[in-house]
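Hello,

I am passing this structure on to you, with notes on what was found in it. Please look at the structure before reading on.

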Amino acid sequence: MRNLLIATTVLLLAACSQTPDWDYDQSTNFSNFKTFAWVKDASLTKDVENYQINPIMEKRVREAVNADLTQKGLSMVSIDKADVLINYHASVDKKIDIDTFSTHYSATWNHWRNPWGTNIHADNKVREYEVGTLIIDIVDQNSNQLIWRGAKEGRLKKNQKPEKRTQVINETVINILSNFPPQATEVL
């Protein structure tokens with residue numbers, strides 16, 4: 001059940017207008033990195049065990065990341081020859097949205113108690129919804145240190161066709177990686 005929920009997480013991120021969040025090690029010279037590989041057995045590590053998604057979605061995420069990094073001039077190689085290692089995490093959180101609105105307002109004249117009286121009636125509408133987050137990590141192979149992280153969250157949509165899911169993943173990954181590698185002149 002958890003995997004099904006997480007699988008839908010990544011699908012719905014691109015539909016949201018949320019800007020991705022980035023962080024990176026400013027002392028890193030990103031121009032030195034020419035090759036990449038995926039973290040070996042990432043799904044077996046304790047800290048990300050609960051955040052891996054089903055094999056179909058995992059394939060979509062990996063293909064989107066591979067295509068974007070390749071387009072940026074990095075080459076995918078075996079893990080022992082990679083300059084940087086790539087990993088990702090996905091999570092789902094429940095949120096609540098509360099809308100309060102007035103449905104009735106009246107003003108009355110009553111000279112015995114209060115010359116002017118008002119009556120306001122408000123209704124509340126409570127909705128629970130799910131927010132998914134996709135995080136992409138880039139680790140320096142030599143130092144084994146995280147050097148770049150990008151994340152994007154968004155409200156999840158359900159019941160999408162496989163083609164739409166692939167499109168959403170591609171757009172989300174491109175959006176997250178739009179700041180990789182960070183530019184030296186970038187103002188923080």
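**Salt bridges**

R62 and E58 form a salt bridge through their side chains, with 3.1 Å from N to O. Both residues belong to helix α2, where they are four residues apart, about one turn of the helix. R62 counts as partly exposed, at 24% relative accessibility. Please note that this is a predicted model, and that the count of salt bridges in it comes to six.

Another of them joins the side chains of E128 and K94, at 3.9 Å from N to O. Because E128 is in strand β5 and K94 in strand β4, this pair ties together parts that lie 34 residues apart in sequence. Both E128 and K94 are exposed.

R149 also has a salt bridge, with D137, and here the closest N and O atoms are 2.5 Å apart. This pair links distant parts of the chain, since R149 sits in strand β6 and D137 in strand β5, twelve residues apart. The two partners can be set side by side: R149 is partly exposed, with a relative accessible area of 33%, whereas D137 is buried, at 6%. There is also one network, in which salt bridges with shared partners join K94, E128 and E130.

D140, in strand β5, is another matter. D140 is buried but has no salt bridge, and the nearest side chain of opposite charge, that of K34, is 14 Å away. What does D140 touch, not counting residues up to four places away in sequence? The residues are F33, D83, Q145 and I147.

**The nonpolar core**

The largest nonpolar core has 25 residues, and the members that touch the most others are V65, I86, I136 and W148. Two or more residues come from each of β2 (35–38), α2 (55–71), β4 (84–110), β5 (114–140), β6 (145–155) and α3 (162–176). Helix α2 gives the most, with five residues.

Leaving aside neighbours within four places in sequence, V65 is in contact with W38, I86, I136, V173 and L177. Is T172 buried or exposed? T172 is buried, because its relative accessible area is 0% and the cut-off for buried is under 20%.

**Backbone details**

F180 and P181 are joined by a cis peptide bond, with omega about -10°, and P181 is in the segment after α3. N144 is not a glycine, yet its phi is positive, at about 60°. N144 lies in the loop between β5 and β6 and is exposed, with a relative accessible area of 56%.

**Confidence**

The mean pLDDT of the chain is 79, and 70% of the residues reach 70 or more. Over residues 1–17 the pLDDT stays under 50, and the model has 56 contacts beyond four places in sequence for this stretch. Residues 43–52 are also below 50, with 15 contacts beyond near neighbours in sequence. Where pLDDT is low, the predicted coordinates should not be read in detail.

Regards

Definitions and conventions
Residues are numbered from 1 along each chain as its sequence is written. This is a predicted model: local features need pLDDT of at least 70, side-chain atom pairs count only at pLDDT 80 or more; totals for chains, interfaces and linings use all residues. Side-chain values use heavy atoms; hydrogens and water are left out. A nonpolar core is a set of buried Ala, Val, Leu, Ile, Met, Phe, Trp, Tyr and Cys residues joined through side-chain atoms within 4.5 Å. Buried means under 20% relative accessible area, exposed over 50%, partly exposed in between (1.4 Å probe, protein chains only). Contact means heavy atoms within 4.5 Å. pLDDT is the predictor's confidence in each residue, from 0 to 100. Lys and Arg count as positive and Asp and Glu as negative; His and the chain ends are not counted. A salt bridge is a side-chain nitrogen of Lys or Arg within 4 Å of a carboxyl oxygen of Asp or Glu.
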